[in-house]
Amino acid sequence: MRYFAVLFLFLVTACTGEQQPQTELERWQATADRVTITRDKWGIPHVYGPTDADAVFGMMVAQGEDDFNRVEMNFLTAMGRVAEAGGEDKIYQDLRMRLFIDPEVMKAEYEASPDWLKALMNAWADGLNYFLHTHPDVKPKVLTRFEPWMALTFSEGSIGGDIERVNLRDLETFYAGAPTDMLAEAETAFLSEPGGSNGFAIAPTNSASGNALLLINPHTSFYFRAEMHVRSDEGLNAYGAVTWGQFFIYQGFNENAGWMHTSSGADTIDWYNETILRKPDGVYYQYGDEQLKLSESELTLAYKTEEGLKTRTVKVYHSHHGPIIAGEGNTWQSIRLMNEPRKALMQSYLRTKSTDYASYTESMRLHTNSSNNTVFADSSGNIAYFHGNHIPVRDTSFDWSRPVDGSNPATEWGRLHTVEETVGVLNPPTGWLQNTNNTPYSVIGEASPKAEDFPPYMATFPENYRGINAVRVLKDKADFSLESLVAAAYDPHLAAFDVLLPALYSAHEAFLSITSDDMDLREMSVDEPLALLREWDRKSSVDSTATTLAVYWGRELRRRAFSDTASVADYRARGITADAYVAEVAARDGVGALMVAILKLEEDFGSWQVPWGEVNRFQRLTGDIVQPFDDDVPSTPVGFASARWGSLAAYGQRTFNGTKRTYGTRGNSFVAVVEFGERLRALAVTAGGQSGDPQSPHFDDQIELYARGELRPVYFYPEDIAAVAEESYHPGAR
């Protein structure tokens, strides 16, 4: 009888084709066999898999092929493990992340995720692990194996997430007693490039084709994101910029909808001053009539040394508002911000499958795209602006731009503002809308929503020179095409000098700018330089000597404005913007600053009349995350200027390691224009090239296009991709 039972079981197993459980490698290989990566003539990967999870697997293999270094470093940053690769001086960068990112919590979040999200995270880890298995020549710094839960540690995609708002100097001062560099804030204000991005949307009523158009123009450090196309048979068909290591298109489009994120001035983060009381059993803080005990825990941080890994343990504190991140005496400071990794990852992925305005709005109801505004367009002809996506309701009797009293229960957050309660615009009568990480109250020019209709914390960013420029190029233009939208996006007018140069002319007439520091320059004539500036059309270009002079003068103004902490404190106390303060300096010290600029140009280049393209260059020498630059090595002239002067085609540049020329490192990292219609059409360019490998032909093949502001066709449909395919293969075969 037992013989027949065993025989029956054997026959049933054979007939049903039941397989023995797959090994991990067999599972990887089976997925790889289902996935195809096709690279077009620019090396851009077009990834296809039957399921979304299959496509994610291929997506991660392609990213590993192009720049595994950046994939790994993004996740070392996200998990607070940079010091394991970079050494002890990264300890407090890691501590900042670890105050919010707890591996055990992330593992629990993974287990609580819906099955579809788990499948994507599993595929994400499988793809990266399979890449490492099939590329033994790639040597990770730290991460030799990826686990699915790790995807939750980097779930939103911004170049500087909310956690990075915690000041590292303050954190180290509090937890290690390290001295604070009082000039650091002033120096940062002087050197830093304005962050953020540009997004334009054009309605069908304002386009030549009768279709909606979208400009996607993130301003990040170069090479922070890659260009990709990922497609499945389950409705995924997204193209655009993906942040290295993530499995969703962060800024991009599908056949029916497009989304562009810009940095938001919505107040989504709050600092609380906690009143501290020390007791024998621990540290307490006042909350209403109660004294609550701060939670205490120990974080062990590993760091690299010549002898191998060492560790440091730090005792950290949390109030119910959040972790303690600064303080002295009996006043400590905690911070509260959005920390919803599972919902954030869901929203980041789900929006890539939006089919129209309604479905995109539903993804926004997850309220976890905390640091961004969104400019949107779809194939139904809708254009829209969404402001922020995680804005708590708060008592407006408090000044939320400053730390509030954590002992007062009235400072608690309420519910989140609904999408409908935030600043928003849908299908405006202007036929266009824009955002340049500026105030949302100029999103459609004069017809924009009004600040007085919203609480002050709803929007904190002022107008910027790019926003002024954007309204100027959009408001009087009709019949937009993709090509004329590109022209608008690259309009070379530098709006800052519309304000700064008249101040200089007035200063020269009154001779008000000669200070004691400039007395030795009193005899220098500035008549010829001033004549050049007066004749200038205030447009940047490779051949323009006036652009060079104006930019060098503007830099000297900023150095004078932000060279000490007193200056920074002064303009902030007076409630004026940094741009307005620089204009005051132009009126007061403009002539002296011009003299210094002239002398600097003569010292570095032998003349103050130097074409901008001779000074302003693009150079990519290595695949390093922090790039080296060399005046003696070939580079490419660029006509764009910094966003701080209002350049829409932002090109953040400065000198490095003793160079005389300035080299770009951030700004227009990716530019795309999209037309939605019966058949999608798009153009794009990526800074430098797709690959991070200097030996690849796609390491620098887009530099000339980029420098000219010339976009290439996007290959979106299978027949178009096939016509320009450079190679097509299964993951692991390359």
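Modeller: Tyr239 has Phe253, in strand 7, as its bridge partner. This is a predicted model, in which local features require pLDDT of at least 70 and side-chain atom pairs count only at pLDDT 80 or more, while totals for chains, interfaces and linings use all residues. Residues are numbered from 1 along each chain as its sequence is written, and side-chain values use heavy atoms, with hydrogens and water left out.

Strand 6 covers residues 237–243; strands (E, at least two residues) and helices (H or I, at least four) are DSSP runs numbered from the N terminus. Strand 6 and strand 7 (residues 251–253) run antiparallel and are joined by three bridges; two strands count as paired if DSSP finds at least two bridges between them. Strand 6 also pairs with strand 5 (residues 225–232), in the antiparallel sense, over seven bridges.

Strand 6 is largely enclosed by the rest of the structure, because seven of its seven residues are buried. Buried means under 20% relative accessible area, exposed means over 50%, and partly exposed lies in between (1.4 Å probe, protein chains only).

The largest nonpolar core has 97 residues, of which Leu95, Trp124, Phe146, Tyr175 and Phe247 touch the most other members. Such a core is a set of buried Ala, Val, Leu, Ile, Met, Phe, Trp, Tyr and Cys residues joined through side-chain atoms within 4.5 Å. Helix 3 (residues 52–79) supplies the largest share of this core, 15 residues. Apart from it lies another core, of 78 residues, among them Leu214 and Ile383.

Leaving aside neighbours within four places in sequence, Trp124 is in contact with residues including Phe146, Gly245 and Phe247, where contact means heavy atoms within 4.5 Å. Ser155, in the loop between helix 7 (115–134) and helix 8 (168–176), counts as buried because its relative accessibility is 10%. With the same exclusion of neighbours, Ser155 is in contact with Gln246 and Phe248, among others.

Phe376, found in strand 16 (residues 372–378), is buried, with a relative accessible area of 0%. Beyond four places in sequence, its contacts include Leu214 and Ile383. The C-alpha atoms of Phe376 and Leu214 are separated by 7.3 Å, although the two residues are 162 residues apart along the chain.
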